[in-house]
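Reader: Could we go through the side-chain contacts of this structure together? I would like to begin with the conventions and then turn to individual residues.

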Amino acid sequence: EKMHRSILSLLTTSALSLDRTIVLVRHGAVDRSAANVPPGAMYGGDIDVPLSLKGKAEARAAASYVTAQWSEIQSVWTSPLSRALYGAQLVADAVGVERVETREAFREIARGGWLRKTPEEIEEMTPGGMNAFLADIEFRPPDGAESIKDVRDRALTALTQEILPSLDEGKVAVLVSHLYVTRALLSFALPGVPIPKIDVPTASIASLSFPGDGTPPIVTSRGFKPDLHPDDKAALAAAGLLDGDAET
């Protein structure tokens, strides 16, 4: 499609002229009840659902791994939602980046009328809608929701027009965001893999390498979830929270 081709054109010209790395981190597990997302409901989407205690521990583990693994971090980017901003700030503090760059383009997908709905409620509201959403990246759920394509286009435009041009040769940018933003950005280095099929666990880490020789980016790691710090793991186990958090 036209938008896809134009972004790929960006990725194969100026965006690929330098050797750079983008590290993608998904936020940790969340406390759905704190945002009035009912049990069994699938979607928090672009509302501000806070991290749970487990989610904060996951974010700490991810930040520790990222800052130990990549020594040339130049910038840290995130969504304005608190569940992503928490982990981004941890990374920035650890490496001495003065300001975390927040962008609406990296916000989670807007769920519209499906917000806080269970699969059964979604099917009643939009018969066949869930299957259509997963099968067609241009399908938009009702009441102001976004399609997968909408998320992909805004996230990739911000990557090519803001993050990559600001990054020096050999440097690394860290982007802490959400499920569909991470899936969308990985999709351009994973041709043939449907975006909804790209596995992105909470607080998992992926990286895109731009070799600087004019070739498209490659996925150099994907879906890696670091172990929790032993102290965090012990505290969560003692509180009965180690395995109980829902993920969104």
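Author: What follows covers salt bridges, aromatic pairs, backbone angles and surface charge, in that order.

Reader: Which conventions apply?

Author: This is a predicted model, in which local features need pLDDT of at least 70 and side-chain atom pairs count only at pLDDT 80 or more, while totals for chains, interfaces and linings use all residues. Residues are numbered from 1 along each chain as its sequence is written, and side-chain values use heavy atoms, with hydrogens and water left out.

Reader: How many salt bridges are there, and by what rule?

Author: The count comes to 12 salt bridges. The rule asks for a side-chain nitrogen of Lys or Arg within 4 Å of a carboxyl oxygen of Asp or Glu.

Reader: What does glutamate 58 pair with?

Author: Glutamate 58 forms a salt bridge with lysine 225, and their closest N and O atoms are 2.8 Å apart. This pair links distant parts of the chain, with glutamate 58 in helix H2 and lysine 225 in the loop between S6 and helix H8 (230–238), 167 residues apart. Helices (H or I, at least four residues) and strands (E, at least two) are DSSP runs, numbered from the N terminus.

Reader: Is glutamate 58 buried or exposed?

Author: Glutamate 58 is buried, since its relative accessible area is 4%. Lysine 225, at 31%, is partly exposed. The classes are buried under 20% relative accessible area, exposed over 50% and partly exposed in between, with a 1.4 Å probe and protein chains only.

Reader: What about the salt bridge of glutamate 72 and lysine 171?

Author: Their side chains meet at 2.7 Å, N to O. The pair also links distant parts of the chain: glutamate 72 is in the loop between H2 and strand S2 (73–78), lysine 171 is in the loop between H6 and strand S4 (172–177), and they are 99 residues apart. Glutamate 72 counts as partly exposed at 35% relative accessibility, and lysine 171 counts as partly exposed at 26%.

Reader: How are pairing and tilt defined?

Author: Rings of Phe, Tyr and Trp (its six-membered ring) pair if their centres lie within 6.5 Å; planes under 30 degrees apart count as stacked, over 60 as edge-to-face and the rest as tilted.

Reader: And how accessible are tyrosine 65 and phenylalanine 224?

Author: Tyrosine 65 is partly exposed at 27% relative accessible area, and phenylalanine 224 is partly exposed at 37%.

Reader: Why is the pair of tryptophan 114 and phenylalanine 139 tilted?

Author: The ring centres of tryptophan 114 and phenylalanine 139 are 6.4 Å apart and their planes stand at 40°, so the pair is tilted. Tryptophan 114 counts as buried at 0% relative accessibility, while phenylalanine 139 is partly exposed at 21%. One aromatic cluster is formed by Trp114, Phe133, Phe139 and Tyr180.

Reader: Which residues other than glycine have a positive phi?

Author: Arginine 116 is one of them, with phi near 65°. Arginine 116 lies in the loop between S3 and H4 and is partly exposed, with a relative accessible area of 31%. Asparagine 36 also has a positive phi, of about 60°, although it is not a glycine. Asparagine 36 is in the loop between S1 and H2 and is exposed at 57%.

Reader: Last topic: where is aspartate 213?

Author: Aspartate 213 is in the loop between strand S5 (205–210) and strand S6 (218–224). Its relative accessible area is 54%, so aspartate 213 is exposed.
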